[in-house]
Amino acid sequence: MNQSPKHFIRRSPPQMREGVYELYWTFASRRQAAFEARLNGQSQPWTTDPILQVYKFCNVFRAADRVSQYMIRDVAYRQDAETTARDRVFQITAFRTFSNIATWESVTAELGGAPRLDHLRSGAFERALDRVKSYNGGLYTGAFILCANKAFGFDEKHRNHVALFKHMFLEKACAERVLQAPSLKAVVEILQSFPLMGPFMAYQTAIDLNYSELLDFSENDYTQAGPGALRGLKKAFIDLGDFSPADTILWMADRQEEEFRRLELPFSGLFGRALHGIDCQGLFCELDKYCREAVPTLASARSRIKAKYSGTEGDIELFFPPKWQLGSPGLLPASRSATHALQGKRTPLRMAKPAKADREAFAIADLFA
C-alpha cells in the first residue's frame, strides 16, 4: 500500500462538548453491533437503542453500505476482458456520479456490457442514458448534492455530465493522470479540477477508485468533511482549536482504540479492520442526524431525520476489496421494516420517540448508566 505519514503538531486540540462527543463513539458501537447482529441472522430489532430502531442510518463503515457494496463488487471488480484500466476509472467515476444501481444496471443492459470509453466516444453511452431516463423516469440518486449548473451548455443534467466525462477522459487524459497520481490527495485534486466535480464528490469518487485494484493508498492519508460531517463536528466539539475539520477527523481515527476502551464500548471493527478517515467522516454526518433526536436542544440547520428504517429487499453478499484481506464476510440477509418487525411487542415504536423534553436526558444519562 502506498502510504504517506501524517503528523499532528498542534498546540490547541479540539475542545469536546461533554456528552455529545461520547455519543459519537456510542453511536459507532451500537450501529456496528446492529450490523453484526443482522449478519449473524438475528431477528429484529437488532438493537435496544430506540433511535436506531426507528430511523435509517448509514453503516459505520462506508464500504458496507448497499450502494458501495454494489460499486465494489459489480463495478470496481467486475470481470470483463474488454475493460481496460482507463475504462475502469471512467466506470467508477460515472457510477458514483449517478450513485443509482438501477441506472447502472439499465445502462449496462442497453450496451450489452459495462460502459467503456469506446461507448463514450461513439455516443452510445449518452443514447443509453437517454433511453434509461425515458423508461426509469430519472437517473440520479439523492445521496449527494451535485453541482447543477449548465457547465457545458445543456439544459439536461445528464447531458452536462456526459460532456464532462468526454472532457475528462477523452480530452484531458484524466484516467492516465489518476493512475499515475502519487497520493490520495492528488487523486482528489485531479478530479476536483474539472467542472461539476465539487470537493466532496471528488473525495468520494477518489475513495471509490481507491477501493479498486487501480490504486492502493491509505484512507488515512487524506480526508475531507462533507456538509453533514461539518454539522456533526459542530455538535461534538465546542471549538476545534487550531485543527481543521479534516485534521479533527483523522485525529478521531487515531484515538479510536483509546476512546472505545475508555468508554467501555464493544467495537471490533469491520472483521478486524479499524475505522479510517472516510468512515470517521461519515460518522460525523450520522452523529448530526442522531443528535436531532437524542439531543434536540442543540442548534441544527436540519430539524428532523427524514428517513425512517424500512428494511431492504434481497440478501446482500458482502464483498470487500480483496487487498483488505477480510476473508469471506458472509451474507447480509434481507430485512423487513422495523415497524413490521416490532408489531406485537408491548411497547413498539413509542419507545423510540421519547417526549421531547426527555430526549436529551435519555441520550446523555444513558451513556453513563
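Two residues are in contact when heavy atoms of theirs lie within 4.5 Å. The structure shown here is a predicted model, in which local features need pLDDT of at least 70 and side-chain atom pairs count only at pLDDT 80 or more, while totals for chains, interfaces and linings use all residues. Residues are numbered from 1 along each chain as its sequence is written, and side-chain values use heavy atoms, with hydrogens and water left out.

We can begin with the whole protein. It contains 16 helices and 4 strands, taken as DSSP runs numbered from the N terminus (helices are H or I with at least four residues, strands E with at least two). Of its 369 residues, 54% are buried, where buried means under 20% relative accessible area, exposed means over 50%, and partly exposed lies in between (1.4 Å probe, protein chains only). Among contacts between residues at least 6 apart in sequence, 75% join residues at least 24 apart.

With a relative accessibility of 2%, His158 counts as buried. Leaving aside residues up to four places away in sequence, His158 touches Phe98, Leu129, Asp130, Lys133, Leu139 and Tyr140. Phe165 is also placed in helix 8, and its relative accessible area of 0% makes it buried. Not counting residues up to four places away in sequence, the partners of Phe165 include Phe90, Thr93, Ala94, Thr97 and Phe98; Leu120, Phe125 and Leu170 are among them as well. Phe165 and Arg121 are 44 residues apart along the chain, and their C-alpha atoms are separated by 9.8 Å.

Next comes a pair of helices. Two packed helices are described by the angle between their axes and by the distance between those axes. The axes of helix 13 (residues 245–262) and helix 14 (residues 277–294) come within 9 Å and cross at roughly 110°. Helix 13 is therefore roughly perpendicular to helix 14, a label given to angles of 65 to 115 degrees. On the helix 13 side, the contact is made by Ile249, Leu250, Met252 and Ala253; helix 14 contributes Gly277, Cys280, Gln281 and Phe284.

Because 16 of its 18 residues are buried, helix 14 is largely enclosed by the rest of the structure. At 1.5 Å a residue, helix 14 should span 26 Å, and its end C-alpha atoms are 25 Å apart, which agrees; the expected span is 1.5 Å times one less than the number of residues.

Conventions. Axes are lines fitted to C-alpha atoms, for helices over the stretch in contact, and angles run from 0 to 180 degrees between N-to-C directions. Angles under 35 degrees count as roughly parallel, over 145 as roughly antiparallel, 65 to 115 as roughly perpendicular and the rest as oblique.
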